[in-house]
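Hi,

Here is the structure I promised to pass on.

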Amino acid sequence: MKYNNKKLTIENINFQVLAKKFGTPAYCYSYSKLSDNINSFKENFKSFSPLICFSIKSNTNVNIIREIKKFGLGADVVSKGELMLALKAGVNPNKIVFSGVGKTNEEINFAIKKKILLINAESKSEIQEINNIAKRKKKIVQVGIRLNPNTDAKTLKQISTGKSENKFGVNSKTFYELVKYCKNSKNVSLQCLSVHIGSQILDHKPYERMLKAVSNIMSKTKHKFKFVDLGGGMGISYSNKNKKLNYKKYNSAIKNFLKKHNTKIIFEPGRSIIGNTGTLITKIIYIKDGGTKQFIILDSAMNDLMRPALYGAVHKILPVIKSNNISRNTYEFVGPICESTDKFVTLKKFQKLKEKDFLAICDVGAYGMSLSSNYNLRPKPVELLVKGRKIKIIKNRQKLTELI
Ligand code: LLP
């Protein structure tokens, strides 16, 4: 995104034009950014050619997944719905991994039927359930076991998953038991050790610690794991102050790990692939004087973008038409929903705004639309994909008639 003659553009298409043509709020994705992200992700780890499974939960638009699939990526899914979506987008079942602590009997049955690469189990009961179902079907199912390495990801506590107090995976003691269980079971074939310690990780050190824990456990089990699935979690810069994850260091830690263990690496990135490709275009409905600050009341709200209300996440906001006229007021950008947490950000310095101006909320491609809801009975926004000169509606704005 850049300003051309003070007008904010995406791949040379003017946001103002998009807002007027398609209405607001609107999610808008950049194809060239998406392709850059995938190519640089591959480049970062090219020495060991990992299997990259895009984490569907970060963005569930079938057209986006179709584009991602064309780069040869697989999918990481956590429900029957996500699995159906990945298959609908044409993702090769042999590149699909299924994670999650509570896969139901129906979901396991479906995953077996579709012959996906791996079901990554997260408990003893789940492994037993998979084995029982496979037995009834007279099949041998490829499974992984998710280890909880008790590693602090040094990220927000709401999105940390690798500490012993988190519900995810199993501890090392249970892990050894489950390896044994798999060896003695006829209908599961243990192929993978999986981990995922959290999301929006910007420091490579937690990954190094995680690899150490995984390496120790693998050496002790002496089981031959065909795959090690390291999950996702690679963070992105939401503000100019955010540091960047040092991919070089993460890559060399994995290369060291691979010197000891001959295995194929799987990644499950979501945010690092799609996060910075998406923008939420919104319009100012009213500006209300709140005494010490002015409320900039937008037509998008916490139902369209939950991250600020849920995690205190801050997304950059840019004016669609830039001016040099700076306001003396503090602006609080809020939505119309009847909750005090329906607030995006408070800024002391911003250009002077007026009602009906358009704004762009940045880096919302991951966990933006996929976390959206119909709270306050608000229809979900339209989704657009900008690819060169083409603008494609990749999901229609929801109609109230679909909701009522
Ligand atoms: N694999 C597993 C098993 C996961 O649980 C997740 C994310 C990923 C991969 C992808 O992680 P990523 O590369 O996107 O960080 N809603 C939160 C993020 C929750 C992440 C949940 N799990 C947010 O908006 O920040």
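The largest pocket holds about 810 Å³ of space. Of its 32 lining residues, Lys33, Asn37, Ser237, Asn276 and Asp363 are the closest to its centre. A pocket here is an open set of points on a 1 Å grid over the protein atoms alone, where a 1.4 Å probe fits and protein lies on both sides within 12 Å along at least five of seven lines; lining residues have an atom within 4 Å of a point. Grid points are joined across faces, edges and corners, and the volume is the space filled by probe spheres set on them.

Before you go further, a word on the model: it is predicted, so local features need pLDDT of at least 70 and side-chain atom pairs count only at pLDDT 80 or more, while totals for chains, interfaces and linings use all residues. Numbering runs from 1 along each chain as its sequence is written, and side-chain values use heavy atoms, with hydrogens and water left out.

Helix α2 (31-44) gives the largest share of the lining, 7 residues. Strands β2 and β13 (278-289) each supply at least two residues as well. (Helices are DSSP runs of H or I with at least four residues, strands are runs of E with at least two, and both are numbered from the N terminus.) By class, the lining has 10 nonpolar, 14 polar and 8 charged residues. Nonpolar covers Ala, Val, Leu, Ile, Met, Phe, Trp, Tyr, Cys and Pro; charged covers Asp, Glu, Lys and Arg; the others, Gly among them, are polar. The largest pocket lies between domain 1 (2-29 + 275-403) and domain 2 (32-273), because both give residues to its lining. The domain bounds come from an automatic or database domain assignment.

The second largest pocket has a volume of about 670 Å³. Its lining counts 34 residues, and the closest to the centre are Lys57, Thr161, Phe168, His196 and Tyr367.

Now some strands. β18 (358-361) is covered on both faces: Phe358 and Ala360 on one side, Leu359 and Ile361 on the other, are all buried, that is, under 20% relative accessible area with a 1.4 Å probe and protein chains only. β18 runs antiparallel to β13, joined by 4 bridges, with Leu280 opposite Ile361. (Strands pair if DSSP finds at least two bridges between them.) β15 (317-319) also pairs with β18 in the antiparallel sense, over 3 bridges, and Leu318 stands opposite Ala360.

β16 (331-334) is another strand with buried residues on both sides: Tyr331 and Phe333 point one way, Glu332 and Val334 the other. Its pairing with β14 (294-298) is parallel, over 4 bridges, and Ile296 has Phe333 as its bridge partner. With β17 (343-347), β16 pairs in the antiparallel sense, again over 4 bridges, and Tyr331 stands opposite Leu347.

Last, helix α5 (105-113). Its buried residues are Glu107, Ile108, Phe110, Ala111 and Ile112. Just after α5, Lys115 takes a positive phi of about 55 degrees.

Cheers

Note on methods: Buried means under 20% relative accessible area, exposed over 50%, partly exposed in between (1.4 Å probe, protein chains only).
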